[in-house]
Amino acid sequence: AAAALAAGATRAALPAAALKPMLATPAAAAFDRDGWLFELKYDGIRLCVVRHGRAAPRLRARSGRDVTAQFPEIAAAAAHLPCDDFAIDGELIALDQRGAGSFETLQTRLGLTRPRDAARGVAAVPLQLFAFDLLGVAGCDVRRLPTTARKALLARLVPARGVIRFVDHLERRGLAFFAAAAEHDVEGILAKRADAPYRSGLRSRDWLKVKRPRQRAFAVVGFVPGKGSRAPLGALMLAHPEDGGWRHVGNVGSGLSAAQIDALLPVLRAAQRPTPAFAIGAEPLPRGAVFVEPHLRAEVRYTERTARGMLRQPVLLGVAPAGPTELGDDAAADVDAAAPAPAAAAKRRATRADAPRVALSNLDKVFWPADGTTKGDLLAYYDAIWPHIAPYLRDRPVTLTRYPDGIDGKSFFQKHVPPFVPDWMPTCRVDDIEYFLCNERDALRYVINLGAIPLHIGSARRQHLDRPDWSILDLDPKGAPRRHVIAVARHAHALLAALGAPHVIKTSGQEGLHILLPLAGTLTHDDARALAEVLARLIAADLPAIATVARPLGARHGKVYLDFLQNGAGKTIAAPFTVRPRPGAPVSTPLAWREVTARLDPARHTIRTVPARVARRGDPFAAVLGASIDVAAVLAALRGRLAE
């Protein structure tokens with residue numbers, strides 16, 4: 001409130017009319033001048049988020065209708081904003097795989113009006129509210145403040161990432177920003193005067209919409225009747241060539257004048273045919289459709305193509321006779337209607353040719369809702385940790401667990417490499433399964449971009465799948481207190497040190513701990529499991545009150561389970577430095593033994609802390625890939641220990 005008053009706001013409640021959003025005026029051209037702010041425009045629907053005092057936040061559509069029950073995740077996120085009184089203007093967005101707003105995806109949520117259906121839709125189609133303006137806050141009407149002041153206040157209220165996120169902006173360089181938006185398939189930009197007030201419910205030249213329509217020529221393959229004066233011809237049916245035939249891509253009626261209808265009808269009727277020329281799309285066919293030979297070329301401007309290839313918001317620019325060879329051979333012929341000069345277009349094509357092998361997508365999608373951690377944060381972590389995780393991943397078949405909608409959404413295991421992976425992706429066949437290999441940074445980026453969070457690896461490399469690099473003892477608490485896990489780990493450390501056996505430890509990324517002994521391929525999988533079993537039974541015998549080798553959960557009685565069965569051909573563990581799908585984004589983190597004390601809290605090791613930690617301390621786990629234990633000496637010492 002103090003910041004709003006200092007900026008010149010008035011202490012007043014917002015009238016109901018203030019909640020009718022300001023509307024953008026379409027612009028004739030992009031702006032590139034001082035005194036303007038430029039924001040990305042996404043394809044969504046406008047929402048006003050309102051909260052008065054301690055009451056629950058409410059969501060209002062542009063019409064004023066209350067839609068709170070329809071989008072419960074937005075209302076829940078608004079309840080956590082650090083203010084009890086506000087009115088925010090924003091755009092409700094469903095991000096697609098490219099990280100751009102997809103109205104087609106959003107539509108699947110718009111039809112879910114009943115609370116029960118809306119609750120199911122939250123997991124199926126996660127939404128975000130992109131907050132770009134502020135009407136009121138803390139009892140102050142801020143609409144008269146300049147745009148820059150309102151956005152400065154909004155930035156203090158709304159986080160940069162999360163279900164509700166602040167929409168940042170650029171000052172100046174609007175043309176360059178528009179070109180970048182077009183390059184990334186964003187709908188366009190908004191140009192706003194930096195010193196303008198907010199005018200509820202009005203269009204203004206102070207707030208300009210600069211859209212990026214696309215333009216392409218399509219074949220006319222039919223027409224459908226209209227209404228009234230346009231009853232004989234309401235829209236043209238369009239198609240483009242695909243797989244040696246034609247694909248229907250929708251109908252266009254906007255832009256079709258009375259004079260064009262009169263001129264086209266005789267030509268269309270003369271080209272009439274009994275069946276459609278296209279074999280793909282248009283299911284079901286439009287009622288009353290009349291099919292024609294594809295002898296006409298329609299130049300069409302539109303905003304985007306849906307996942308099924310249909311045109312959104314098409315506008316007819318003109319029709320002329322043309323042969324099919326003039327219409328291109330696939331959808332790649334789409335061009336920006338606001339495309340730059342040919343030289344700039346050539347430069348952009350060259351840039352695309354030099355683009356990285358992995359096209360990252362949906363970077364702003366929230367994977368950890370409790371703290372707003374995104375898929376982009378996850379990718380940034382794996383990118384930073386690559387030099388340290390690479391030795392453990394190299395040449396090991398990787399099993400993924402994919403969370404395409406974050407940790408609260410559905411998940412699934414994936415061993416098989418899908419058929420659509422690029423040719424450069426390294427893989428490895430084991431029996432009848434083709435596995436991923438993360439032998440290079442781009443391969444890791446690729447699998448994480450698929451929505452994978454944890455990476456599970458086996459103990460053997462592809463060159464020697466029958467010879468493991470380690471034997472593992474998994475300390476699984478399943479309800480046992482952490483102090484008991486620490487006590488068991490310390491006892492195992494003392495035992496192995498007395499046996500002269502090198503060993504390392506890491507967090508599982510959950511509540512357990514993993515103790516590994518380096519083998520360097522000197523044992524078989526069965527021998528590695530037998531070694532771990534002997535150690536587990538010794539420890540359980542030494543600590544019967546807190547440790548057990550009983551596998552059934554009901555037989556453990558709250559004790560730490562010493563799991564030696566994680567050894568074996570085909571068995572996997574969470575890779576060192578892999579992220580786990582739990583609140584806080586914890587990481588399976590290598591530890592020094594001096595850290596294994598009562599103060600150890602595995603939850604502190606997360607994607608936000610581990611890169612700096614390993615840069616500062618190094619990797620104490622690397623010894624597991626080094627020299628092997630002296631198996632004969634350890635077994636002799638164990639025989640002596642068992643004889644005591």
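Visitor: How many bridges join strand E30 (residues 504–507) and E31?
Guide: Strands are DSSP runs of E with at least two residues; helices are runs of H or I with at least four, and both are numbered from the N terminus. Two strands pair if DSSP finds at least two bridges between them. E30 and E31 pair in the antiparallel sense, and their bridges number four.

Visitor: What pLDDT do local features need?
Guide: Residues are numbered from 1 along each chain as its sequence is written, and side-chain values use heavy atoms, with hydrogens and water left out. This is a predicted model: totals for chains, interfaces and linings use all residues, side-chain atom pairs count only at pLDDT 80 or more, and local features need pLDDT of at least 70.

Visitor: Which residue of E31 is the bridge partner of Thr507?
Guide: Strands of a sheet pair through backbone hydrogen bonds, either parallel or antiparallel. Across from Thr507, the bridge partner is Leu513.

Visitor: Which strands lie at the edges of the open sheet?
Guide: Six strands form the sheet, in the order E32-E33-E29-E31-E30-E35, with mixed pairing. An edge strand pairs on one side only, and that picks out E32 (547–548) and E35.

Visitor: Which residue in the hairpin of E26 and E27 takes a positive phi?
Guide: E26 (residues 427–430) and E27 (residues 433–436) pair in the antiparallel sense over four bridges. Thr427 stands opposite Phe436. Two residues lie between the strands, and the one with phi near 55° is Asp431.

Visitor: How far apart are the end C-alpha atoms of helix H12 (residues 525–542)?
Guide: The expected span is 1.5 Å times one less than the number of residues. H12 has 18 residues, so it should span 26 Å. The model agrees: the end C-alpha atoms are apart by 26 Å.

Visitor: Which residues of H12 are buried?
Guide: Buried means under 20% relative accessible area, exposed over 50%, and partly exposed in between (1.4 Å probe, protein chains only). An α-helix has 3.6 residues a turn, so residues three or four places apart point the same way. In H12 the buried residues are His525, Ala528, Leu531, Ala532, Leu535, Ala536, Leu538, Ile539 and Ala540.

Visitor: Which residues does His456 touch, leaving out those up to four places away in sequence?
Guide: His456 is in strand E28 (residues 452–458). It counts as buried because its relative accessibility is 15%. Contact means heavy atoms within 4.5 Å. His456 touches Pro397, Val398, Thr399, Thr401, Thr572, Ile573, Ala574 and Arg580.

Visitor: Why is the pair of Phe367 and Trp368 called tilted?
Guide: The search finds nine aromatic pairs in the whole structure. Rings of Phe, Tyr and Trp (its six-membered ring) pair if their centres lie within 6.5 Å; planes under 30 degrees apart count as stacked, over 60 as edge-to-face and the rest as tilted. Phe367 and Trp368 have ring centres 6.4 Å apart, and the pair is tilted because the planes stand at 50°.

Visitor: What is the angle between the planes of Trp424 and Tyr446?
Guide: Trp424 is in the loop between strand E25 (412–414) and E26, while Tyr446 is in helix H10 (residues 441–449), 22 residues apart. Trp424 is partly exposed at 21%, whereas Tyr446 is buried at 12%. The pair is edge-to-face, 6.1 Å centre to centre, with the planes at 85°.

Visitor: Over the ring of which residue does the charged end of Arg165 sit?
Guide: A charge sits over a ring if NZ of Lys or CZ of Arg is within 6 Å of the ring centre and within 35 degrees of the ring normal. Arg165 is 4.7 Å from the centre of the ring, which belongs to Phe130.

Visitor: Is Phe577 buried or exposed?
Guide: Phe577 is in the loop between strand E34 (572–574) and strand E35 (590–591). Its phi is near 75°, a positive value in a residue other than glycine. Its relative accessible area is 2%, so Phe577 is buried.

Visitor: Where is Ala520?
Guide: Ala520 is not a glycine, yet has a positive phi of about 50°. At 46% relative accessible area, Ala520 is partly exposed. Its place is in the loop between strand E31 (513–518) and H12.
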